[in-house]
Amino acid sequence: MPLIQLSPDSIDFPPVDYALEDPNGLLALGGDLSPERLLNAYHNGIFPWFSPDDPILWWSPDPRAILVPEQLHISRSMMKFINKTSLSVTINTAFHQVIEACADERDEGTWIDPSIQRSYIQLYLQGVAHSVEVWDQQELVGGLYGVEQGSLFCGESMFSRQTNASKLALYVFCQHFIRHGGKLIDCQILNPHTESLGATEIPRSDYLQFLYKLRQQPLSPACWAPQYLR
């Protein structure tokens, strides 16, 4: 099946069943990164991912990588670090800095170019995208960001400038997410790092069933209010 070119006049996507098997999950190209199109994408289990020199590419892989927050794997040494560290963690206090850091802290280059950053900042301003920040006093040393779909959180990227900072961000976020009724974290594509943290793969059809249910279960605004988490 040929790759589908999105119309600039519509934010609609083709059914995810049209996605290619090789490369796994590539569904369409083109369109734009408007907040409306991005929200429609996440609403239907689709996300953008492309290199700076490529057209915008849209994906819905099968299988899909997910993390159940209660099943986050924390090693004994990491738990000792969590219990002893003086690093603090906040939520939604420095989204701009987090997404910039996620773009900068990649030796192999990044797809989080300025257009991506601008688009996700718009989602943040709309209260849909969120960040978690790790601080060493006043210095930002780690964090993550993603997009909420009700009680499902679509993780996008994370970074560390100190050892274990991104793992601390994820651990503290998972505890906070669970307390407020969060059910599932979308990790998109499984890699050794996310697998070591407890992420697993499920069929895309199962992921979509979770998404369609959980996106209708919004969390309390208190979950996403700017605040110290620890």
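Start with phenylalanine 177, which counts as buried because its relative accessibility is 0% (buried means under 20% relative accessible area, exposed over 50%, partly exposed in between, with a 1.4 Å probe and protein chains only). Keep in mind that this is a predicted model, where local features need pLDDT of at least 70, side-chain atom pairs count only at pLDDT 80 or more, and totals for chains, interfaces and linings use all residues. Residues are numbered from 1 along each chain as its sequence is written, and side-chain values use heavy atoms, with hydrogens and water left out.

Now for the rings. Searching the whole structure turns up twelve aromatic pairs; rings of Phe, Tyr and Trp (its six-membered ring) pair if their centres lie within 6.5 Å, with planes under 30 degrees apart called stacked, over 60 edge-to-face and the rest tilted. One of them joins phenylalanine 153 to phenylalanine 177 edge-to-face, at 6.4 Å centre to centre and 65° between the planes. That pair bridges distant parts of the chain, 24 residues apart: phenylalanine 153 is in strand E9 (residues 152-160) and phenylalanine 177 in helix H5 (residues 165-179). Helices (H or I, at least four residues) and strands (E, at least two) are DSSP runs, numbered from the N terminus.

Phenylalanine 153 counts as buried too, because its relative accessibility is 2%. Phenylalanine 153 also pairs with tryptophan 224, this time stacked, with 6.0 Å between centres and 20° between the planes.

Elsewhere, ring pairs tie Tyr42, Phe95, Tyr120, Tyr124 and Tyr145 into a cluster.
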